[in-house]
2 protein chains.
Amino acid sequence: MLKPFSDRVSGLQPSAIREILKFTADPTVISFAAGNPAPEAFPVDVISKISADIFAEEPINALQYSITEGYTPLRDWLKADLAKKSMFRDSDNVIITSGAQQAIETVAKILCNEGDVIICEDPAFIGSLNAFRSYGVKLVGVPMDDDGMIMEQLDAALAANPTAKFIYTIPNFQNPTGKTTTLERRKQMLELAKKHGVYIVEDNPYGALRFAGKDVPCIKELDSDGYVLYCGSFSKVLAPGLRVGYLCGDSEVLAKAVVGLQTSTVHTNIWAQMITYRFLKEVDFDAHLAKLRTIYKHKCELMLSGLKAELPDFIKLTQPEGGLFIWATLPEKYDMNKFCTEVVQRKVALVPGNAFSADESAVSHCFRMNFSTPTDEQITEGVKILGKAAKELLK
Amino acid sequence: MLKPFSDRVSGLQPSAIREILKFTADPTVISFAAGNPAPEAFPVDVISKISADIFAEEPINALQYSITEGYTPLRDWLKADLAKKSMFRDSDNVIITSGAQQAIETVAKILCNEGDVIICEDPAFIGSLNAFRSYGVKLVGVPMDDDGMIMEQLDAALAANPTAKFIYTIPNFQNPTGKTTTLERRKQMLELAKKHGVYIVEDNPYGALRFAGKDVPCIKELDSDGYVLYCGSFSKVLAPGLRVGYLCGDSEVLAKAVVGLQTSTVHTNIWAQMITYRFLKEVDFDAHLAKLRTIYKHKCELMLSGLKAELPDFIKLTQPEGGLFIWATLPEKYDMNKFCTEVVQRKVALVPGNAFSADESAVSHCFRMNFSTPTDEQITEGVKILGKAAKELLK
């Protein structure tokens, strides 16, 4: 008889979102459940040309083993760019990962023993929560208001959990809520990290996709002492299929992360790193980002104005200033899971909010909607179906 | 004060090979220390053309998020190919990983608790040993003779370690020794796995690179009960920079592995998976492999005949029938580490054998030599230097 799975993964379930996405295999279902960037945002022609250049000029570099730390020109570009934004300390380093997801997973691996605590926003990004769970870590969620995590509760959570190793946060246009943490809260979070001796893992996949309001400095920018481990990604600003992300933070921590990466993927696909580097070097990246912001601003406004017109007033919606997601909250008397299930029968897929709970058994009255993947027509049509369903089902 | 690293990685050191490779940054050093495929073995023109085709025909598929299990056409090709070789059971599945290294690491993650045991050949591939160590697993090495692991010792090791979860083996042209496990030993290993209720993780990156002797069936082929988890790789037969490997085995185990991959890299670079699939479909893969075997046969013979001419008889050498490595054993009275250190001063880099020991503090009298990366001229020159050094230093 073969023995069972390790304790760390025995309870780990496939992402609830993946289950929802099964419904979306039906082409008549309009999916507000994904988190994919808009395909029209991919600079196909440029990437195609750059790929041809790479094969013409340095094919062996694109095909041979490379170093675990990542492609040196890309790392140097990132170091210079982060330095320009005051996000790179003299004792920092940058390494490339296979998506920010791998950076997040590797940080948990190198910092946390089983039974240790990670403090996170509640709700938080399910991919990160599952990465943490896969190391047998205990998740402690801190509730948010419109300004981000509630700091009194963060302080209390840190005080109550001396084995906490880090605070995990997406401060810009958070997944799933679309909320942005205010500057004041970011400063307070950093002070609390110092007070309790924990790192902050700042995950910023959507930061460049601000289409309203004013930029807020990253927590990394506020940190001169090496408390922040910053995770960046090219998935939302270039293309997610490339799987190129990065980790910036204290050199000593990153040296251990490199040992971790050596044992998992050895290095990130090198062609994808070269594509990313040449794109950054050859293209006006700010102009490219401006184009993306225009696309997402339009899609967000289209969905949000539709929702406001179609949904009953008692459904509360967040007003994201960037990113890919809108978060809806039902009054407590309604059964959110039942609502999502009935809506998907009517061919619109939503993600039930409990997928994002630190405590998977907690009751949620919220659901997540994505505006980047559906077409304009799908947004308009899906919002109408959702409005009709809400009026009929929520009485 | 920030807290220390997790126990699982605290003792984990950067690969000893990486340290050796630092010497090889000096262009005057001839490296027999790497494990890179020969760059002349990369089908650059074909990959370049396929990449252009992908961007012309289906660029969005190559850039968008994809499913964690891997690119379906590539998985289907592999399933059919493995079935043809009697290596695919009805209840098996195949998933794509970022190199076989990620398959190996993921298997350890989903099967082993900290403190559990993994049984391995001693010596064994350092990348796998470090992946296992990174999950706090205890490694128990089983000595090898020329036919593979010694079965009486494997049986005893399994009996003495009831928390053993699997046996890890590279049965073909093993890294580091170049040894091939005989069919009889493979059958015995499978029987012992069944007797003790453990999996066999069969790692076969070099199997297609046989240039002498006769093929031996994979352990996977002998197994009708789901004991074998088979790790394959395109690193040595196509290009390692792609980072495309796979895992074939019981569907239930692979479903859990998919959950593990979701939390680490989400999915393997999709362009690389499409390149691999189209290459397999469009090119005569057997003819391509025949070309690679010709390259490696030549390089192995060149190195081996040179070593036999130049080295003192008391240095024992393995005679690999495939793969990338030759293994040398010094008489016990000599200090192998001292010899390797002095040889690298003379501009030839070797890998000291203790890098591959399950017990890192064990004394080794062996060193590993690679014949795939150096040019013919470097092989000839390096072997001469090595011979001169041996005659002068080993008295």
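Predicted model: local features only at pLDDT ≥ 70, side-chain atom pairs only at ≥ 80, totals over all residues.
At what angle do the axes of helix H5 (residues 72-84) of chain B and H12(B) cross, and within what distance do they come? Residues are numbered from 1 along each chain as its sequence is written, while chains are lettered from A and ligands numbered from 1 in the order in which they are written.

**View 1. Packing of H5(B) and H12(B).** The two axes come within 9 Å and cross at roughly 45°; axes are lines fitted to C-alpha atoms, for helices over the stretch in contact, with angles from 0 to 180 degrees between N-to-C directions. H5(B) and H12(B) are therefore oblique to each other (under 35 degrees counts as roughly parallel, over 145 as roughly antiparallel, 65 to 115 as roughly perpendicular and the rest as oblique). From H5(B), Pro73(B), Leu74(B) and Trp77(B) meet Gln273(B), Thr276(B), Tyr277(B), Leu280(B) and Lys281(B) of H12(B); residues are in contact if their C-beta atoms, placed from the backbone, lie within 7 Å. By class, this contact has 5 nonpolar, 2 polar and 1 charged residues (Ala, Val, Leu, Ile, Met, Phe, Trp, Tyr, Cys and Pro count as nonpolar, Asp, Glu, Lys and Arg as charged, and the others, Gly among them, as polar).

**View 2. The contact of chain B with chain A.** Chain B and chain A contribute 61 residues each. H6(B) gives the most to the side of chain B that touches chain A, with 7 residues; helices (H or I, at least four residues) and strands (E, at least two) are DSSP runs numbered from the N terminus. That side of chain B divides into 30 nonpolar, 23 polar and 8 charged residues. Of the interface residues of chain B, 100% are also interface residues in chain A, so the copies meet through the same surface.

**View 3. The two domains of chain A.** Chain A is divided into domain 1 (13-43 + 287-393) and domain 2 (44-282), with bounds from an automatic or database domain assignment. Their C-alpha centres lie 25 Å apart. The contact takes 29 residues from domain 1 and 33 residues from domain 2. On the side of domain 1 that touches domain 2, H13(A) provides the largest share, 6 residues. That side comprises 17 nonpolar, 7 polar and 5 charged residues.

Definitions and conventions: Contact = placed C-beta atoms within 7 Å.
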